[in-house]
Structure formats: structure tokens, C-alpha cells
2 protein chains.
Amino acid sequence: MSDVQAEAPRPETGARRGGREARRALRAAPLPQNERPVRAGMEGGRYKPLSDGDVLKIHNTALDILEQIGLADAIPTGIEYMTKAGAKLTDKGRLIFPRSLVEDTLAKAGRNFVLHGQDPRHDMEPWGKRVYYGTAGAAVHMVDPLTGEYRESTTKDLYDIARMVDTLDNIHFFQRSVVCRELPDPLEMDFNTCYASVMGTTKHVGSSWVHQDHLKKSLEMLHMIAGGEDKWRARPFVSQSNCFVVPPLKFAQDACGCLEMAVHGGMPVLLLSAGQAGATAPAALAGAIAQEVAECLAGLVYVNSIKPGHPAIFGTWCFVSDLRTGAMSGGSPEQALLSAASAQLAQFYDLTGGTASGMTDAKMPDAQSGYEKAYNHALVGNAGANLIYESAGMQASLLGFSLESLLIDNDIIGAAQRTIKAIEVTEDSLSLETIRDTCLNGPGHFLGSEQTLNRMQSEYVYPLIGDRSNPKDWVEQGRPTILDRAIKGTKSILAKHYPRHVSDEIDDAIRAKLPVRLAKEAMRPA
Amino acid sequence: MSDVQAEAPRPETGARRGGREARRALRAAPLPQNERPVRAGMEGGRYKPLSDGDVLKIHNTALDILEQIGLADAIPTGIEYMTKAGAKLTDKGRLIFPRSLVEDTLAKAGRNFVLHGQDPRHDMEPWGKRVYYGTAGAAVHMVDPLTGEYRESTTKDLYDIARMVDTLDNIHFFQRSVVCRELPDPLEMDFNTCYASVMGTTKHVGSSWVHQDHLKKSLEMLHMIAGGEDKWRARPFVSQSNCFVVPPLKFAQDACGCLEMAVHGGMPVLLLSAGQAGATAPAALAGAIAQEVAECLAGLVYVNSIKPGHPAIFGTWCFVSDLRTGAMSGGSPEQALLSAASAQLAQFYDLTGGTASGMTDAKMPDAQSGYEKAYNHALVGNAGANLIYESAGMQASLLGFSLESLLIDNDIIGAAQRTIKAIEVTEDSLSLETIRDTCLNGPGHFLGSEQTLNRMQSEYVYPLIGDRSNPKDWVEQGRPTILDRAIKGTKSILAKHYPRHVSDEIDDAIRAKLPVRLAKEAMRPA
């Protein structure tokens, strides 16, 4: 737990008999990382919305889609790469992918690649059923926690979000969350999005670019921060979030140019297919997944036709429509099912899977925001999704971002992680002797037993801002809701945590050469 | 959907191309029960916090506990029943249960018994992995949604809660939620608790009694409502929530008297063991479950030693302590794990299992209330718990009740049920032909496709008060949070829904004979 977290508001503790002093002493000492009850990369897989047979049917349908329907609108370089690998261009201009090509691609695709942080303690190993939660974007508004006002987001907002994420234990990576709306020039916007992100946190960063020239400028900066291109390539700490496909089944031209440059530049890519069931994907959930799997497999063929084994995240982000209006419903239970099922498909292919969870439809951090995020996080995490994007701070189905939600969601994710850790069943934890001793010889309760003290920190998580006080104490505190506590905690973090992992010298060199638009003053305490 | 629900606030729908008129027409018609996307008794089981081997280890530990430690404080009649069946009384006064006795009990225990509603359409078949959500208690306060004031609950509050539950599709049974605090006489309290419950809803009711004489009075009333004792015994629509055990491993004397009378009176019993991990049960979660399983098995021996096959619900309600204070933490992720694991144990025994979920630590319906309820409901429901108690309205770890939460929680449960329904994978839902038609011949999107229209109601749930409007429309509505909408919805239901399933004639007869304390005026529109 960082210093900032230690000072965030915590529930008051009441007096209580039985081991009280011992518990207090234990509580006072922050736990070393390896003794904490939850940590990055816990193993999920205990929740399976699909049977094994269902997974196979979806896989086979995806292969049928690729072989019989294919994708339109590939760019010339893409056509060249993919046809050389075995794809076929139809006379209607669609790229068709024979089964054997997909199977060959799956055999040689990149696996078990580390996603690096600038600080190695934030390195992620997102494969198998290991679960990491992070942010994503791209909201265009910041939400005022008290008035509900939506105002346009800025580069400074993005930087503030990044440095908050930098302090939060349960948010494991940072993908740019908001759009720098004050920068009308697309190059400046793309460049500063990446700049504000990597300056704000040492965790792994995801960012996106609308044109490959913008990526080129960003790579210059990343090389400078890394200490040279070779060092960047050895530990790339930024991945590219790439919407290479416009569902249903069309390549996105500019994105494909960026994709190719990412592969050449040694940058891991998130192959992101964001179809929306009932609008750009079938309303039938199984069909929506099948289409997204087909699209991501096409992206995987693309990447591997450029450079076999290049790190690529299988990004089946199946969104959901509210069919009454056609609008996206990010907080729906159908969303939880689609994202959890996506995790199973990535596991089936033994690929690093990325999906989305935590995209409430609520406009503010109210009860709806809480419950929509929570059932999504609990199910998608327990399904074993490797990289869970959009998991913190989002409101209004990705249109707004709330700093206070970020803090609340950190607690939700901590709880979800605790459920992912599940229940340890060993001779000691089964407790026959503890029960015998307590009932036959002991005090008739377990409050002060040695086992209780031993397991207080290893088996239980405690919320950072969630409140567990009783109604009486709560009244004495002035009846704070979790939003009140989140507002206080947010202010505390923002006032104090200004990461300094990039030296002033390097920052000055970047500023001298490249179009940095984030004021230096925004990066220092007032 | 009842009339009341149809008038509760709903999200505004925006204009949209593609099948808009058709969607509107579909939307206007309430769905028949069998075509709704979710319904009472959906089959869970896709989430398994425990492996099969873990379940077996817990079972074996429970048998060891019963055989080696046993239970203290049985009442004389209980000792007689159970020793006759094969239990042994030690010289320290503990009842010991040999394995063979437990196994014999499991062989003859009641299974596949219907829990009846006064209205047969609310009958429940809670076995296998079928899931029903309901309320429980016993809160001592009602929560003011705006000020956070906690005031003592009354019989009228209980009646109001019951009639709200009567209208809410996703709350499948009603166990008395609040204590009638204005009634100091225990008999009057017990009697009126049952009266207010059965008068407020036609769904299955759970209630509790502190003394068997109070139960006797209530049974007189239940016979009158049913139309005679034989009709009551044919369709008992009230079950007894019975805390027969004081964990760890002691029988509760008065409760045991009530238990025996329930069995004689043809009333199903919920064998409720409510140990609290870290206080009255081991802090190690596996041990807490093992102890609760042992206690409920002892209760099952008890019931079956009185009357083999009598309907008994295996009520492993393992609660959780916040070990920093020793206080209960109903909203914790450890709680979700314990309750979900309980479901697996009941399935292992092929018994009707009851457990708890939805007991937030938050004092008001804020984001914390939402998220704690949601991750519990999603996981416990997907584990396939048959009867999920405490699922709606509760605040402050069961100390407070909020009518507005009841409405919010109804939406949370609807969403949880949708995830329990999971994803239909069939040739039609896999959508190969729909995708082909849309991409090669169609409009390039799925908004107006026949499949979308067909699945709009069968595959998607829509919240009753949850808001999916976009920020612009939401601002025009005055930026309501879900709490604002819940307040409005609650007022609307309470103003209109006064159930009339018990005739005035029968009510008058009850009032003439028995100590009804709920004023008639409270049961009519003002």
C-alpha cells in the first residue's frame, strides 16, 4: 500500500474484546506484496458461462465466417501481407481466410509475452487464466461528483487519472481513459495522450493513434524515455490499442496503417474488435461472440503475416445494445456474459485475451454505477479474462470519466480479486482442531484464536474507502456515503502524488524536440 | 409485469432508424411469463468456487466434527428424539452424531418439496441448481433515503415491504425483513410479524418465532386463511426460519421448541446456522463452512428424527467478520465466497439449500450498497443457490432496511438472473446466416434484422428503474440518480398496491380471535 493510500480515509475501528491489541498491531504494519490477500495476476476460471462444447461451436462458426464471408476494405499493404500468407482476395474485394491459414496462425502466434511497466514491479504476465484489471477509454467528458456536470476532458485530466492509477493497488495497467479535447490537432492529441500517460504512471500503458505518423513521433519519445530504441524494444512499456476492424467484418484503413507500424516498431498490439450486439454484431449473443472471434482471428493473421509471434492481445470486446433505443448498454448483464465468454475463447486458443468490464450506464457514481460494475467485474474476473479494460472510472457507457469512481472501482476490483482467489481448502483451513479446541477447551468463540490472527491479513481484504462502520458510528461521522469518502480520497491523492520516474533532463529533451502540450506546472504540486 | 411496475419510471427512448416502429410495438406489449428473459427458478451452477475434491473434504470434516465434537445444549425432547435415532449423549452433555446416523438421515431427508405461495403462480421448486431470490431479516431500523436517518421499524413498515415485494418480479419469496419494534410483547410481535407478511403478499413467506406458543397462535391464523388445517397442510405457504443452533455447536433451546412444533404443524423449516467467520466460526473460510455444514446436518438429523422426510431447508448462512473490529461484514467478498460455496454443498447432498446474499455494509443505497450486493448476487446466484435470502432492501449488514433499495435490488437481481440464464448456443443463435446476409446483401448493420427483433425480449433484460439514457437526455431529465428514481418508484407502488387476497370476512374473523395489531387503515389506500 502506498503512502497515499495509507492516508486515504479508512473506517473507524470500534473497541472489541479478544485479541484486540494483537489485531491492532498487525493492522498497523503494511503487508509485503507477497503476503497480501490479493495481487495482480490471480488465477480465475471458476466461472464458465459457456460449456466446452459451446466454445467449440463458436470457434467453428468463426472459422466458417472467415472462410465463407471474410473481411472487406483491407489496405494494399495488408492485402499483400495476408495474401502472401495464404488469404484470398475475392472479386468483390473481400479477404477470405482458409481454415488452414487460421490454424497455422494460431500455431505460431505470440504467447506468454510480458507486458512491461516502466517500473518492473508492474510487469504483467497475462496468460493462462491470470487476471489483470486496468483502465481504458476514451471518454470525452469529466464528471463532477456533486453536480453531475459533464465537461470536456483535457490532457491535464488524463495526466491526473494516470497518476491516481499509479497509486491504486488493484488497477494493474493504465490505458488512456479520456480524450484530450483541448487539442484540435490530431497529431498533438495522439502524441500528448501517450505523453501524459507515460509521465503519469510507471504501470504498463495502452494508447492509440489515428495515423501512423503520430505513432512515429510517439516512438521517438518512448525511445528517449527508455534510454534508446534497443532498450524500448527489450521492454516495451506501451501497447497500442488498435481498432483494426469496423464490425461487421470490415478493416479500418488508418488503424491498419498504425497496426503495421506498431508491429515494425516493437510495440505490442491490442487487436480490438468492438462490435455491438444488436447494431454492428448480431443480437444473438452467441453470434456476436462468433463474429468478434472471427474478426480478432483475422487481426491475428494480419499481425503474424507481418511478423510471426509479434505480441498481440486477442481483444474481443463485444459490446451490447439496449434494443429499445439502439444505444450502447455497457452496464448490462448481457455485457458481463459476452466479456466472460470472451475470456473462455482466449483460453481455448491459449492466447492473451483482452476484454471490457465496468462500463456502467449510470452517469454518476451512484448505486447503479456500483452494481453494474460489480456484477461485471465479479463474473468477467472469475472467468479468467487476462486483461480487463475499462474497469475503473467510467460512467455513461464510456462517455464520461469520474475520478471518484476510479477510487470506488479500485475497491470493487479488490473485492472481485478476493473472490477470484477463492477458498483455500487444506487440513489447517478445514479447522477441525481449532473448532475442537474452541468448543471443548476454549472460550467458545474464535475472536482471539491464533488461527484468526494468522488469517486476518492473508485471507481477508479490507476496502480502502468502502465503509464498514455501524450506524451509530456512521452518524457520528456525519453520515458519509461512499461518494463523500471518494471525494476526500481523490483530493488527497491528487494533492500529493506527482510521479518523478522520468528525469527533468529527459523531459526537457522531449519538450525541446516534440510537441508536448501539458504544462510543466500541471506536473508539480501547486 | 404488474400494472404497478408498468407505471414505475422507465428510461426515455430516443429516436433511431431501423425497425424502430416494430420495436416500439413489441415493447408496448407485456410479455407472458414463459417468454420473459428471466424468471423464478433459473438454473445456476456455472460458477464453482470449490472443486469437487474440496467439497468432499469439507463434507468429511463436517462428519468428523459431528462424530468427534458434537453439539451441546440439546433440550430433553430433542435428546430423546435424536438418541432414539442413533445419536449419543456424552458425559459432558454433548450430542455426538455417528457417521452412519448422518448418512441414514441424508438418505431419508425430504427432497424436491414445493414451497407454496398463497397464489400458486408463486410456488417455488427450489432444488437441483434452481435459483430463487427473496428477502429476510431482521432489521430493526428503516432508513430514510434522503437524510440517512435510521428510525425503529414497525408492523406497518413490515406490511409495506411485503406489499412492495408482492409487485416485484425478481423477488420470489418474502421472509419477514424488519422487526415490529412498537410491539413489546413477544407473542404480539411474533404473531403480527406473520400476519403482516401473509396479508402483504401472496408469495411464499418465511417468518420466525421465539416461542412455540406464539407459533401455535400463528398456525390458528394460517389455518383460517388456508380454509382449514388440511388445506394448510396440503399447501403450507409459510416456512419457519429457525436458528436452532448457536454457533459454535450449541443448540438454541427456545428455537428447538419452535422447530419441533413446526414439524408437528406441517410447516417447512429453514435450518439456519448463522456462524460468523472469525467470531462464532473459524476465520479460515473452509473451516467456517465445515462447521456450518456440521451444524445443519445436526439440524437435519433432528428434523428427521421427529418426522422423516419433513421439508427442511439446509440453511448454511456463513457470515463474515471484519477482523479489524470483530463486527459483521455482510457485503464482503469473503461473504460471496462462503454463500456460493454453501450452494455447492447443498447440491452435493441434493438438498434444498438456503443461504444469504445482498447484505451490504453500506448504510444507504449508495455506490457501495450497489456493488456489494451485485458481486454477491452474481456469484451466489451463478453458483446455483436454491434460496437466496437477504437479497433485497438490506443496509448496514442487516441492521437497516430501505424501501428504495428494495426497488434497486430488484433490478440487480434481474441482472443476476440474466447472467444465470447464460448464453444460448444454437445454430440460429450462432448467426452465420444472419451475418452473411447482413454483410453480403444487407445494410451492413443488424439494427433492423429479423433476428434482432426476435431476440429483443427473449435474450435481453431491461431494468425497471436503472437508467440507460445518454448524458444529454439525462441532463434534460434533471440529472436523476438511481436513488431519485427509486424514491419515485417506491411512492408509486405504495400508493397503489394493496393486496386483497384475504377476504374481509376472514380478516375480521382473525381479528376477532387473535391479537392483530396492524390497523385496518394501514391496509387501505388513504
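Colleague: Is W232(B) buried or exposed?
Modeller: In this predicted model, the relative accessible area of W232(B) comes to 0%. Since a residue counts as buried under 20%, W232(B) is buried.

Colleague: What is the relative accessible area of F237(B), and which kind of aromatic pair does F237(B) form with W232(B)?
Modeller: F237(B) is buried as well, its relative accessible area being 5%. The ring centres of W232(B) and F237(B) are 5.5 Å apart, and 85° separates their planes. Because planes over 60 degrees apart count that way, the pair is edge-to-face.

Colleague: How many aromatic pairs does the structure hold over all chains, and why is the pair of W317(A) and Y389(A) called tilted?
Modeller: Over all chains there are 21 aromatic pairs. For W317(A) and Y389(A) the ring centres lie 5.1 Å apart. Stacked planes are under 30 degrees apart and edge-to-face planes over 60, with the rest counted as tilted, so the pair is tilted because its planes stand at 40°.

Colleague: Where do W317(A) and Y389(A) lie, and how many residues apart in sequence are the parts that they tie together?
Modeller: W317(A) belongs to the loop between β14 and β15 of chain A, whereas Y389(A) belongs to strand β17, residues 387–389 of chain A. Both of these residues, W317(A) and Y389(A), are buried. Their pair therefore ties together parts whose separation in sequence is 72 residues.

Colleague: In what order do the 5 strands of the open sheet in chain A stand, and which are the edge strands?
Modeller: The pairing in this sheet is parallel, and the order is β7-β8-β9-β12-β14. From one strand to the next the twist averages 20°. Each edge strand pairs on one side only, and these strands are β7 (173–175) and β14 (312–316) of chain A.

Colleague: What is the bridge partner of L270(A) in β14(A)?
Modeller: Strand β12 of chain A, residues 269–273, runs parallel to β14(A) and is joined to it by 5 bridges. Within β14(A), the residue that partners L270(A) is I313(A).

Colleague: Which helix packs on the sheet, touching β9 and β12 of chain A, and what angle does its direction make with that of β9(A)?
Modeller: The helix is α10 of chain A, residues 253–264, which touches β9 (238–242) as well as β12. Between the directions of α10 and β9(A) the angle is about 155°.

Terms used
Residues are numbered from 1 along each chain as its sequence is written. Chains are lettered from A and ligands numbered from 1 in the order in which they are written. This is a predicted model: local features need pLDDT of at least 70, side-chain atom pairs count only at pLDDT 80 or more; totals for chains, interfaces and linings use all residues. Side-chain values use heavy atoms; hydrogens and water are left out. Two strands pair if DSSP finds at least two bridges between them. Helices (H or I, at least four residues) and strands (E, at least two) are DSSP runs, numbered from the N terminus. Axes are lines fitted to C-alpha atoms, for helices over the stretch in contact, and angles run from 0 to 180 degrees between N-to-C directions. Contact means heavy atoms within 4.5 Å. Rings of Phe, Tyr and Trp (its six-membered ring) pair if their centres lie within 6.5 Å; planes under 30 degrees apart count as stacked, over 60 as edge-to-face and the rest as tilted. Buried means under 20% relative accessible area, exposed over 50%, partly exposed in between (1.4 Å probe, protein chains only).
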